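Colleague: I am new to reading models. Could you take me through this one and say what lies behind each label?

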Amino acid sequence: MLPVRKTKRAFYSADAGDGVFTPGKKRRRCLSSPASVSKAGPDLLDTIPDDLVVSILRRLASTSRCPADFINVLMTCKRLKSLATTPLVLSRLSRKAIAVKAQNWSEDAHRFLKRCVDAGSLEACYTLGMIRFYCLQNRGNGASLMAKAAISSYAPALYSLAVIQFNGSGGSKNDKDLRAGVALCARAAFLGHVDALRELGHCLQDGYGVPQNVSEGRRFLVQANARELAAVLSSGNEACSWLTLSQPQAPNQIRGCPLLSDFGCNVPAPEIHPANRFLADWFAVRGGDAPGDGLRLCSHGGCGRPETRKHEFRRCSVCGVVNYCSRACQALDWKLRHKIDCAPVEQDAAGGDGEGNVQVEGNGNGDNVLVPMS
């Protein structure tokens with residue numbers, strides 16, 4: 001028996017002419033109306049040149065208010081993802097766009113920051129440098145990344161390196177270099193960094209690493225207040241609503257940050273840099289607000305820097321409870337909360353000398369003691 005031969009099904013087509021048979025075709029189901037299909041044209045995004053798209057993405061990257069703004073672009077289409085991950089765009093990412101949360105830290109986040117560093121992002125250099133130096137304890141690589149940003153006159157990196165020099169962080173007590181710290185702080189202050197201005201003012205007033213000059217130090221402190229006021233006034237009407245005349249307040253009803261007492265004003269506390277927020281969250285999640293091994297965190301909540309050796313930070317000479325990585329952090333925390341909480345310690349417990357001079361974890365010359373703020 002011969003096998004059955006399959007043939008194509010044919011049918012009569014009236015439109016094709018008399019007696020003409022054509023092969024049968026399966027009719028496809030149309031999901032849209034013919035009118036809409038005829039009006040649909042090419043994707044307009046495909047008609048925009050790459051250089052124009054990159055220019056738009058650079059602008060978007062520099063003004064991103066959160067990482068989601070940049071991630072949404074990457075999820076739009078393959079073309080935008082490819083163009084958004086070019087060095088021209090990654091180098092312009094804002095500090096908020098690369099604000100990695102400590103709870104979400106992973107190798108992917110580390111790799112992304114490294115890619116931004118390779119693209120030339122100063123924000124990524126500083127952020128990853130702080131993370132590696134203080135959190136991952138890769139001191140040399142973290143300091144080199146911050147130095148890379150400092151060479152390009154990135155003020156926060158200059159100030160962080162100054163704090164490292166003041167404390168000898170990552171080394172021994174003999175590694176302190178006060179003159180180098182003052183020089184870095186002066187460079188950051190020249191660029192308008194408020195904390196550097198305040199730190200330099202206190203150094204001049206106290207003669208710390210530089211010849212004492214009280215009047216010049218006071219001038220730097222007033223300049224820091226003026227820059228802080230200008231930043232608040234230029235930030236919009238919502239921030240200006242905080243600008244009020246200083247009035248006596250109850251101890252538990254502190255509103256804002258009265259750092260502008262020279263001008264009789266109150267303003268909100270300055271915004272915390274994402275790198276400092278990462279440090280604070282990192283140790284809060286992993287160490288319960290302490291880096292471990294008897295090390296302490298800076299008592300200013302917006303700093304997050306930990307000690308790299310025991311007794312690295314200086315304590316308040318009045319209460320001996322709080323400790324700070326710098327005079328700038330002490331000044332800010334004093335105005336925020338410690339002015340209310342600070343109380344003199346017992347003379348016997350603090351090891352006083354009978355004349356009211358309290359030495360807390362010092363070395364005989366006041367090296368580890370911070371004088372009280374006024």
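Modeller: Helices (H or I, at least four residues) and strands (E, at least two) are DSSP runs, numbered from the N terminus. By that rule, the chain has 16 helices and seven strands. This is a predicted model: local features need pLDDT of at least 70, side-chain atom pairs count only at pLDDT 80 or more, and totals for chains, interfaces and linings use all residues. Residues are numbered from 1 along each chain as its sequence is written, and side-chain values use heavy atoms, with hydrogens and water left out.

Colleague: What share of the chain counts as buried?

Modeller: Of its 374 residues, 39% do. Buried means under 20% relative accessible area, exposed means over 50%, and partly exposed is in between (1.4 Å probe, protein chains only).

Colleague: What makes α7 roughly antiparallel to α8?

Modeller: Helix α7 covers residues 122–135, and helix α8 covers residues 139–151. They pack at about 155°, with their axes 7 Å apart. That angle makes α7 roughly antiparallel to α8. Axes are lines fitted to C-alpha atoms, for helices over the stretch in contact, and angles run from 0 to 180 degrees between N-to-C directions.

Colleague: Is the crossing of α7 and α8 left-handed or right-handed?

Modeller: The crossing of α7 and α8 is left-handed. The near helix is turned anticlockwise from the far one by less than a right angle (clockwise would be right-handed).

Colleague: Which residues make the contact?

Modeller: From α7 they include L122, Y126, G129, M130 and F133. From α8 they include R139, G142, L145 and K148. Contact means heavy atoms within 4.5 Å. The residues of this contact divide into 11 nonpolar, three polar and three charged. Ala, Val, Leu, Ile, Met, Phe, Trp, Tyr, Cys and Pro count as nonpolar, Asp, Glu, Lys and Arg as charged, and the others, Gly among them, as polar.

Colleague: Why is G142 called buried?

Modeller: G142 sits in helix α8. Its relative accessibility is 0%, so it counts as buried. Leaving aside neighbours within four places in sequence, G142 is in contact with G129, R132 and F133. The C-alpha atoms of G142 and M130 are separated by 6.1 Å, although these residues are 12 apart along the chain.

Colleague: Where is Q137, and why is it called exposed?

Modeller: Q137 lies in the loop between α7 and α8. Its relative accessible area is 57%, so Q137 is exposed. Q137 also has a positive phi of about 55°, although it is not a glycine.

Colleague: And what makes H311 partly exposed?

Modeller: The relative accessible area of H311 is 43%, so H311 is partly exposed. H311 lies in the loop between α14 (274–287) and β5 (314–316). Its phi is near 60°, a positive value in a residue other than glycine.

Colleague: How do you know that α9 and α10 are roughly antiparallel?

Modeller: Helix α9 (residues 155–167) and helix α10 (residues 178–190) pack at about 165°, with their axes 8 Å apart. That angle is why α9 and α10 are roughly antiparallel to each other. Their crossing is left-handed. The contact includes L158, Y159 and F166 of α9, and V182, L184 and C185 of α10. Its residues divide into 12 nonpolar, two polar and one charged.

Colleague: Why does N167 count as buried?

Modeller: N167 is found in helix α9. Its relative accessibility is 5%, so N167 counts as buried. Not counting residues up to four places away in sequence, N167 touches K176, R309, E312, F313 and C325.

Colleague: Are C203 and C319 buried or exposed?

Modeller: C203 has a relative accessible area of 1%, so C203 is buried. For C319 the value is 6%, so C319 is buried.

Technical notes:
Angles under 35 degrees count as roughly parallel, over 145 as roughly antiparallel, 65 to 115 as roughly perpendicular and the rest as oblique.
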